[in-house]
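Take a look at the sequence and the structure before reading on.

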Amino acid sequence: MTTTQSTTCPYCGVGCGVEATLDGRQMTVRGEAAHPANLGRLCSKGTALGKTFGLEGRLLSPRRRTPQGFVDTTWDAALSEVAGRFRDIIAEHGPDAVAFYVSGQLLTEDYYAVNKLAKGYIGTANIDTNSRLCMSSAVAAHKLAFGADLVPGVYDDLTEADLLIFSGHNAAWTHPVLYRRIEGRQDQFRVCIDPRRTDTAKAANLHLMIRPQTDVRLWNGLCAHLIARDALDHDFVDQHTQGFSRLMAALAADDQSLEAVAADCDVSPADLKTFYEAFLHTEKVVSLFSMGSNQSAQGVQKGLSLINAHLLSGKIGKPGAAPFSVTGQPNAMGGREVGGLANMLAAHMDFDEASKALVQGYWGSPTIAPRPGLKAVDMFEAVRTGRIKAIWIMATNPMVSMPDANRIHEALSRCDLVVVSDVMARTDTMDMAHIQLPAAAWGEKDGTVTNSERVISRQRTLTRLPGEVRPDWAIIAEVARRMNPDWAPAFDWAGPHEVFAEHAGLTAFENNGQRFLDLGGLAGMTRASYDALMPVRWPFPAEGLPATRLFSDGRFNTPNGRARLVPPVVRGPANRPTPEYPFSFNSGRVRDHWHTMTRTALAPELNRHITEPTLDIHPKDARRLGIREGRLAVVTTVQGEAIYKARVTDDVRVGTLHAPMHWTRQFAPYGRSNPLINPAVDPLSGQPEFKHTPAQVRAFGEVWHGFLMVPRDFDGTLPEFQSDTVWRRTAYAHADGYEMAGTGTPDSADFDATATLEDPATGIRRQVRVENGRLTRVLFIAPIHKKLPPRDWLLECFGETQLSAPQLAALLIGRMPGVSDRGRIICACNSVGENAILASIEAGATTVEEIGEATRAGTACGACKGELKQCLQRQSTQKERGKAHV
Ligand SMILES: Nc1nc2c(c(=O)[nH]1)N[C@H]1C(S)=C(S)[C@@H](COP(=O)(O)OP(=O)(O)OC[C@H]3O[C@@H](n4cnc5c(=O)[nH]c(N)nc54)[C@H](O)[C@@H]3O)O[C@H]1N2
Ligand SMILES: Nc1nc2c(c(=O)[nH]1)N[C@H]1C(S)=C(S)[C@@H](COP(=O)(O)OP(=O)(O)OC[C@H]3O[C@@H](n4cnc5c(=O)[nH]c(N)nc54)[C@H](O)[C@@H]3O)O[C@H]1N2
Ligand code: SF4
Ligand SMILES: [Mo]
């Protein structure tokens, strides 16, 4: 039987509507044409949702750790143990001895349930979320400037704007569907502010490739420029803001001349002037800001300085004019609404006495957390030092994603009780659990998420719950009921619709227009109306939907209704590079992977764009340090070490390094970024400085390299490697491929080969095993200066149930004459490799559209169009060079 449902993509904060059709567990997806976020579009990750919906790797029953490893247990035993041990620890050490670390990938209902349990019943605010790593600087800046965590922009503003600024935001890769909206606006001027030349930067009209962490200087300079040129919106500043003279005095303390600012930011004065003048002369300006802004020890100040420029010029609350912090995770915004951050109580309320009384009154709860709890970095430190004795982690993988990851390992190793709820059986964090709880995944549960533009959408159930999995909110409610029978009525929801209705009710409770976050219009939600809920934007008070745009009447959520112009202060030279660690190490995302790869690594299409962790380093630095393209490089920081494949490119600045955040112990134990990252945080928001850690780099000096391939369905266990072998794993359609290298004797990765070819003269070894006509192992090893064959054809051979004679004969050569390699996959949706794209250009394609006609690349989600353009440019410069030689 097939069923079709409207639901919402579980990846990024764009929040695209998805129409999913299910036949058994076979899923096909389409972008939902009627959804306001995507109007029918999906990116490569959304398109591949069907590929990651199988049960491969899922945790299907609760398990507990024993000395012999994890064993299945019953829900009854697992829940009683979690409830009992939390209760005992609280009885002995007080409520602050337990903690919850949750996630912007929980649904609003899950988030609400756990926040209520922690703050209203246990009485601790030790509940923080991975949004601390993501949005907390923007949250703090919004609260300071607007009086509450309010995002003024909506997606329509992006197409409405005449000047669009990407500040620390690689939207082309991280919010692809949103990015595609602006394609139709050829006349829009786009500025990208990023120390790296990203795809977003390459497509912009102006790229300010600033010195890392100089954003505040840049935006302050703009504010000073607006003042000096008398380009303020005086009426707006007079009537709707406060703090102007203090801001002006603070700005005047620095030399704000174009030359001085340009020198500090290390951009040309001419480019800086172009940016400032464009801002000054354009009425409709949207400034998107994301992780390059938030993930900094000055994250809040970066946000404030950008917001100040909009307030001074009145470019806010109008169509096409807004400072716009985009959310990363699907429900980062929903989590902020329920108050899942340790320093917020609930529903945009803080820990003042009035708010505490209000929330406790609404909940009818026995207690209320008296004060803010520990923020993520401090929380794990308290786990490490034993102040926190039990932690429950839900829907996040802190062993990979927290800064200074080795310390997280230390913390969780020492903790008395680690409970982890996840959908996958093996993650780096799951491996640390005492109790593992199997959560229902996307498509198996009902709930709501709120996207970047405050639109609440439903995620809907598509299939029965597999195995014994349960939705997160239901697990939390059951633990609460078992912790104390008196609490049972407060956690006795009949379904997520009741949780949502209660949450909506709290936002409206005794509100009277005091808090802009008001979902009163949704408070009476029944199951039927919840099931039928169409995407809706808040605020949504009981009296009906107000204007789309916040602040359109110039009224902000501060006591006197005025926005605050807060002078951004930059702290001293903390966290500066040193002679020992002279580089600035930056980290972030690649186009086709989602965070710690627990889901996207299951989709071969998504693995082939970037197959292994790479380190971007400038040619000047690489030359000086003897680091070569494609060879391994070792990065060290005070905190740790990681080994990456070097990509020598002037897309990064001299003195800076960049690596992806995604790889884990399971895919590249040596290529993990977060053991490198210092735990410096913004003093106000507690957000870690993921984008900047002082670092050193050197060549690894491998003397051999090779690859191993095993069938994907082989036996589920990873091969054993020599301890000095650096390896990375990639899942392809039929086989797992391991890239290997080392400085000592080559790894033999022992297996019984059915054919071996050893060439003592060259030092090349090739081994294969064929069983009943099927290929079951391949190992190629060569000295580093010898080339290895391309991998595609061999990988494809794993899909053959009966290899032909010519195939068998070619195995040890590693390639089939006449069969060409696809190369790096550029278009993930249609699986088109670089080689086919280059061939189409050779054959005469001169535009992205013509490449699409010839190869289908770029004709689905379009996220690769930037790269197609770059292929065209590269080929034409090569031709030019060729001509010049003749
Ligand atoms: N493909 C994909 N998309 C995703 C995600 C994913 O994992 N994969 N995750 C989602 C999530 S949770 C998030 S938070 C978003 C993040 O989305 P983005 O913020 O766009 O992504 P990042 O790559 O983390 O960082 C953005 C840029 O900040 C730049 N940067 C570094 N230092 C500075 C600086 O000092 N100043 C400035 N101006 N820029 C700097 C980096 O070079 C980088 O290009 O993406 C969401 N979308
Ligand atoms: N170096 C570096 N580190 C970073 C960043 C960076 O830019 N650089 N960015 C930071 C940012 S912005 C973010 S948002 C974080 C993200 O980091 P994480 O949150 O750690 O990353 P995910 O891989 O998304 O983890 C989500 C986990 O939840 C599981 N899961 C999925 N669905 C469900 C569900 O319905 N219920 C439950 N219980 N589990 C589920 C997944 O299997 C996975 O294990 O990383 C941060 N870390
Ligand atoms: S842009 Fe892609 S990842 Fe983000 S919600 Fe849309 S389909 Fe999902
Ligand atoms: Mo994020």
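How do the residues of the shell around ligand 3 divide into nonpolar, polar and charged? The model is predicted, and in it eight of these residues are nonpolar, two are polar and one is charged.

The residues around ligand 3 can be named. They are Cys9, Tyr11, Cys12, Gly15, Cys16, Leu42, Cys43, Lys45, Gly46, Pro176 and Val177. Two helices, α1 (44–47) and α7 (176–180), each supply at least two residues of this shell. Ligand 3 itself sits in the second largest cavity.

**An annotated domain**

An unreviewed UniProt entry places a feature at residues 2–57, "domain: 4Fe-4S Mo/W bis-MGD-type". Over residues 2–57 the chain is 36% strand and 7% helix.

**Ligand 1 and its surroundings**

Ligand 1 is surrounded by 34 residues. The closest are Asp194, Asp215, Ser290, Arg589 and His593. By class, this shell has 16 polar, ten nonpolar and eight charged residues.

| Residue | Protein atom | Ligand 1 atom | Distance |
|---|---|---|---|
| Arg589 | polar side-chain atom | oxygen | 2.6 Å |
| Ile193 | backbone N or O atom | nitrogen | 3.0 Å |
| Trp173 | polar backbone atom | nitrogen | 3.4 Å |

On its own, ligand 1 has 920 Å² of accessible area, and the protein covers 99% of that. Which elements give two or more residues to the shell around ligand 1? They are α6 (171–174), α14 (291–294) and β21 (583–588).

**Two backbone details**

Most residues other than glycine have a negative phi, and most peptide bonds are trans. Two places in this chain depart from that pattern.

What kind of peptide bond joins Trp538 and Pro539? The bond is cis, with omega about 5°. Pro539 is found in the loop between β19 (536–537) and β20 (563–564).

The other place is Asp404. Phi of Asp404 is near 50°, a positive value in a residue other than glycine. Asp404 lies in the loop between α19 (398–401) and α20 (405–414).

**In brief**

Ligand 3 has a shell with eight nonpolar residues and sits in the second largest cavity.

Note on methods:
Residues are numbered from 1 along each chain as its sequence is written. Chains are lettered from A and ligands numbered from 1 in the order in which they are written. This is a predicted model: local features need pLDDT of at least 70, side-chain atom pairs count only at pLDDT 80 or more; totals for chains, interfaces and linings use all residues. Side-chain values use heavy atoms; hydrogens and water are left out. UniProt positions are given in the numbering used here, feature names are shortened, and annotations may be inferred rather than shown by experiment. Helices (H or I, at least four residues) and strands (E, at least two) are DSSP runs, numbered from the N terminus. A residue is near a molecule or strand if one of its heavy atoms lies within 4 Å of it. On a 1 Å grid over the protein atoms alone, a cavity is a set of points where a 1.4 Å probe fits but cannot get out, and a pocket is an open set with protein on both sides within 12 Å along at least five of seven lines; lining residues have an atom within 4 Å of a point. A molecule sits in a cavity or pocket if more than half of its atoms lie within 2 Å of its grid points. Ala, Val, Leu, Ile, Met, Phe, Trp, Tyr, Cys and Pro count as nonpolar, Asp, Glu, Lys and Arg as charged, and the others, Gly among them, as polar. A polar contact is a pair of N or O atoms within 3.5 Å; within protein, one must be able to donate a hydrogen and the other to accept it, and residues adjacent in sequence count only if both atoms are side-chain atoms. Accessible areas come from the Shrake-Rupley method with a 1.4 Å probe; for residues, only the protein chains shown count as cover.
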